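Here is a short report on one protein model. Keep the structure open as you read.

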Amino acid sequence: NKDWGSDDKDAPSAVIGDALILPVPFFEAEDRRIRDKQEVAIKGILPGTRIYYTLDGTSPDRQSTPYLHPLSLEQTTTLKAIGYHEGFGYSFPVTAGFVKMDLDKSVQLTYPYHPNYHGGGPEALIDGVRGSANWRLGGWHGYQNSDFEAVVDLGREQRVKYLGAGFIQDIRSWIWMPVDVAFFVSTDGETFKHAGSVVHGVASDDYSLVQKDVGIRLDATARYIKVRAGNFGTIPDWHLGAGGQAFIFVDEIVIE
């Protein structure tokens, strides 16, 4: 009987009738990075939802600014939003961070990154947007069969008080912390002075995911900053990937 159970009304259904939750608002923007200006829209899913937001990192409520039109952000901003509906009450809050880029900075890479782990290009190393602990989401540069080395041009000579870089270790996925990290400074881009080296202290056989910044304090005047990180190299016999080549993953060069 081909007619049995084939009508639309015969389809099974599930309905939540109590403890209803208002869907959270969501953000629409081309990028988290702000070059000149970045337009951000905040939208809700359920008709009749009113949206309120803050720009200072505080939690919004109905006393906060109501969202009426897209926002034009020009500076680093933590944008928080919440929805309110007469029938459902408040939604959970949502947060998005937008980072103003220093357009005077530029970066040159000595070795190419792996094509699968480009983080959006060389600029990802100096855009102020940090990579997630879930490196599979992107935002990280991956290097295999080479060390990592980059030179940042600050655009002009500046006083430098801190140099650092962010790395991650996930050896189940062949990603190791670098064996060493060294920092160099220069005023002309040709002659570099060694500013310091860092031992990260993460065990090479640690199977937990470790995300860590390594850096040095200094007092120097420089226009160019070089960062060099040594690759772990060939994966040892005790690992399932024995004989393969380890990755370095780096997400940001931090200069203060």
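## The largest pocket

Start with a term. On a 1 Å grid over the protein atoms alone, a pocket is an open set of points where a 1.4 Å probe fits, with protein on both sides within 12 Å along at least five of seven lines. Its lining residues have an atom within 4 Å of a point. Grid points are joined across faces, edges and corners, and a volume is the space filled by probe spheres set on the points.

The largest pocket has a volume of about 270 Å³. Its lining is made of 13 residues. Arg32, Val129, Arg130, Gly138 and Gly139 lie nearest the centre. By type, the lining divides into 3 nonpolar, 5 polar and 5 charged residues. Here Ala, Val, Leu, Ile, Met, Phe, Trp, Tyr, Cys and Pro count as nonpolar, Asp, Glu, Lys and Arg as charged, and the others, Gly among them, as polar.

## About the model

This is a predicted model: local features need pLDDT of at least 70, side-chain atom pairs count only at pLDDT 80 or more, and totals for chains, interfaces and linings use all residues. Residues are numbered from 1 along each chain as its sequence is written, and side-chain values use heavy atoms, with hydrogens and water left out.

## Two nonpolar cores

A nonpolar core is a set of buried Ala, Val, Leu, Ile, Met, Phe, Trp, Tyr and Cys residues joined through side-chain atoms within 4.5 Å. Buried means under 20% relative accessible area, exposed over 50%, and partly exposed in between (1.4 Å probe, protein chains only). The largest core has 31 residues. Phe148, Leu163, Phe167 and Ile225 have the most contacts inside it. Strands 12 (148–169), 13 (181–186), 15 (210–229) and 16 (247–255) each supply at least two residues of this core. Strand 15 gives the most, with 9 residues. Strands are DSSP runs (E, at least two residues), numbered from the N terminus.

Is His141 buried or exposed? His141 counts as buried because its relative accessibility is 1%. His141 is found in strand 11. Two polar contacts involve its side chain (N or O atoms within 3.5 Å; within protein, one must be able to donate a hydrogen and the other to accept it, and residues adjacent in sequence count only if both atoms are side-chain atoms). A polar atom of the His141 side chain lies 2.9 Å from the backbone oxygen of His118. The side chain of Tyr143 is joined to that of His141 at 3.0 Å.

His200 sits in the loop between strand 14 (193–198) and strand 15. His200 counts as buried, because its relative accessibility is 12%. A polar atom of its side chain lies 2.9 Å from the backbone nitrogen of Val202. Leaving aside neighbours within four places in sequence, His200 is in contact (heavy atoms within 4.5 Å) with Met177, Pro178, Lys212 and Val214.

## Positive phi in the loops

Asn145 is not a glycine, yet its phi is positive, about 70 degrees. Asn145 lies in the loop between strand 11 (141–144) and strand 12. Its relative accessibility is 58%, so Asn145 counts as exposed.

Trp174 also has a positive phi, near 70 degrees. Trp174 lies in the loop between strand 12 and strand 13. Trp174 counts as partly exposed because its relative accessibility is 31%.

How values were computed. Helix = DSSP H or I, 4+ residues; strand = E, 2+ residues; numbered from the N terminus.
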